[in-house]
Amino acid sequence: MDNGEREDGGGGGVGGELVEKLHVVQEIVAVIESVAQFGDYRRTHKKDCGGIVRRIKLLLPLLEEIRDLETPIPETGIAWLCSLKKVLLCARKLLKMCNEGSKIYLALESEAVMIRFHTVYDKFSQALGDFPSVEIDVSDELKEQIELMCVQLRRARRRTDTQDIELAMDMMVVFSKKDDRNADSAIIERLAKKLDLHTVEDLKIETIAVRNLVRERGGQNADTTQQIIEILNKFKQIAGMELTNVLDDPVMPKMLEKCPSLLIPHEFLCPITLEIMTDPVIVASGQTYERESILKWFDSNHRTCPKTRQTLAHLSIAPNFALKNIILQWCEKNNFQLPKPASPVQESSSPEHKEEISSLVENLYSSLLELQRKAVKKIRMLSKENPENRVLIAKNGAILPLVQLLSYPDSKIQEHAVTALLNLSIDEANKKLIAREGAIPAIIEILQKGSTEARENSAAALFSLSMLDEIKITVGSSDGIPPLVALLQNGTIRGKKDAATALFNLSLNQANKARAINAGIIPPLRQLLKDRNLGMVDEALSIFLLLASHPDGRQEIGELSFIENLVEFIQKGTPKNKECATSVLLELGSNNSSFILAALQFGVYEHLIEIAKSGTNRARRKANAVLQLISTSEQIP
């Protein structure tokens, strides 16, 4: 071939340069190919990962053209390729963390991770900007592609994307709530779903990721580590898993503790429990599971395949005799003792327990007041205990009579009924059933006229139910927001917190923002900022941040006295207060520069400079964004 003749005939120096070029190009291509193998990324940073991967892949045509150049590349060109490889290795490390790392860590430290993305953007942009177009003579089309990528990377670096506010609020509530009601479980459930940590398999993988994170940290950042472990254990409780010591207990099957060197073939493990199967069965999707595990999955109102997530055509199962025989042969060959099958009947699903629930539901229809009262109280207690009870109570038809009892002229029955529905609403399928039976208007009526505890639990129930977007709309259109605003203004501390959480959730819907503003939400929110002893400043500022994205909200909020309040929190608040207040100012100022002017009159500039140097990661980013707005408006000489 011509290339070979030129290389052989061109002398050792030229041949060496060509070999070195090919070697570096091959290494870079290998890095790009390894990045392409990562697959899916954690939801919290999926967009940023996708953006970097797309741009990395765009380098392949450039590398192919460089590889096919017939002329040798000078040292400056080789040096550029080497610097590009370093940038790509840095990007790969970050992408690997977002592919394999702890999902909880990535959510909790999302701002710190975002700074790492910005560093990669900077390095990538600089490397492409330094492309030696004279020394490496590629086509004009590729040169234009490089220039375009530089512009895109600089734009991505400047982008002041708002943190997932719903995720941030949920994290705040989970770590600040002191009471242990099931309303908190609803928030934890939403967090688990947002982070894809709601199946046993997901949580076992996350446990391994958390353990690896702790080892990498070597005892540093102990507070954050403890927070991650606490929320992991809360997710496990929601999923019905046994709590273990995350750092000490092995995630591998217990029977492997005595023989850790023995590797069980992956296809022998149940995808739900990650334990070796003793009674494998096939479901409609063609996947195989341990019989007991998949039956529990179906009993919890699931109609999907846990592994593929596809909806199953039917719930029939068939024994996988072929796989069972292979497992038995492997166990015999490796002298491996299969675990004994678990007892098929558990206390929570025993015939007696099922009969008790069925009888209680029947008593809800009784004409005897005392019998009704005892039945609804017992169902309230059982519905709080575990997920299995919530499914079983709903399956026995309890939701309709409970909804009917919401309108019963007995305050205690009303209170028990609304609290039972709050507990039952933790189950996703139950949320839809409760709404379908017409519970929303009745819950709103209790919120208006019920006892103190009934009103608080009604607010918590509306929060839990409004996890579903369609129920947010229903609550808003059913005039559920005004009584929540009234509870926010006049309720107990617990009532105010329940109302604030529900109003935050409902205000994620744009139409509900206007409804909340018209219902007079601004004055009680302002009062929460003044009464710092309530400990609800961050919750109030988070709702203000949502309302500030609505034109009516900006008009209502933007009084000079409110801007002065914001500046006070930016100056003297807790680190979280400063972060939230700066975020609200940024949202207001991005839409109307007069808010920035007002804040400057109250001396915000020097405080923003301080936050930009020493605030939390998110606060620093928001402060810099506000300072950039000030600079752009040329308000500072």
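## Salt-bridge network

A salt bridge here is a side-chain nitrogen of Lys or Arg within 4 Å of a carboxyl oxygen of Asp or Glu. In this predicted model, Arg380, Lys412, Glu415 and Glu453 are linked in a network of such bridges. By this rule the chain has a count of 14 salt bridges.

## Overall makeup

The chain has 637 residues, and buried residues make up 50% of them. Its secondary structure consists of 34 helices and three strands. Of the contacts with a separation of 6 or more, 70% are between residues 24 or more positions apart. The accessible surface is about 30,500 Å², and carbon and sulfur atoms hold 49% of that area.

## Confidence

The average pLDDT of the chain is 82, and 85% of the residues score at least 70. Among the elements, helix H24 (residues 481-490) has the highest mean pLDDT, 95, while helix H1 (residues 2-9) has the lowest, 37.

Two stretches call for caution. Over residues 1-14 pLDDT stays under 50, and the model has six contacts for this stretch beyond four places in sequence. Residues 342-348 also stay under 50 in pLDDT, with eleven contacts beyond four places in sequence. Where pLDDT is low, the predicted coordinates should not be read in detail.

Side chains of opposite charge can pair when their charged atoms come close. One of the pairs is Glu27 with Lys85, whose side chains meet in a salt bridge at 2.8 Å, N to O. This pair links distant parts of the chain: Glu27 belongs to helix H2 (residues 12-36) and Lys85 to helix H5 (residues 75-100), 58 residues apart. Glu27 has a relative accessible area of 27% and is therefore partly exposed. Lys85, with a relative accessible area of 22%, is also partly exposed.

Asp68 is partly exposed at 49% relative accessible area, and Arg67 counts as partly exposed at 40% relative accessibility. Lys449 forms a salt bridge with Glu445, and the closest N and O atoms of this pair are 3.8 Å apart. Lys449 counts as exposed, at 65% relative accessibility, whereas Glu445 is partly exposed, with a relative accessible area of 40%.

## Lys496, a buried charge

Lys496 lies in helix H25 (residues 493-506). This lysine is buried yet has no salt bridge. The nearest side chain of opposite charge is that of Asp531, 7.1 Å away.

The side chain of Lys496 does reach a backbone atom: the oxygen of Leu488, at 3.1 Å. Leaving out residues up to four places away in sequence, Lys496 touches Leu487, Leu488, Gln489, Asn490, Gly491, Leu528, Leu534 and Met536.

## Helix H17 and the residue after it

Helix H17 covers residues 387-395, and its buried residues include Asn389, Arg390, Val391, Leu392, Ile393 and Ala394. Gly397 follows H17 and has a positive phi, near 80 degrees.

## Positive phi at two aspartates

Most residues other than glycine have a negative phi, and most peptide bonds are trans. Asp196 is not a glycine, but its phi is positive, about 55 degrees. Asp196 sits in the loop between helix H10 (182-194) and helix H11 (200-217). With a relative accessible area of 25%, Asp196 is partly exposed.

Asp479 likewise has a positive phi, of about 60 degrees, although it is not a glycine. The loop that holds Asp479 runs between helix H23 (469-477) and H24. Asp479 is exposed, with a relative accessible area of 52%.

Note on methods: Residues are numbered from 1 along each chain as its sequence is written. Side-chain values use heavy atoms; hydrogens and water are left out. Helices (H or I, at least four residues) and strands (E, at least two) are DSSP runs, numbered from the N terminus. Buried means under 20% relative accessible area, exposed over 50%, partly exposed in between (1.4 Å probe, protein chains only). Contact means heavy atoms within 4.5 Å. Accessible areas come from the Shrake-Rupley method with a 1.4 Å probe; for residues, only the protein chains shown count as cover. Lys and Arg count as positive and Asp and Glu as negative; His and the chain ends are not counted. A polar contact is a pair of N or O atoms within 3.5 Å; within protein, one must be able to donate a hydrogen and the other to accept it, and residues adjacent in sequence count only if both atoms are side-chain atoms. pLDDT is the predictor's confidence in each residue, from 0 to 100.
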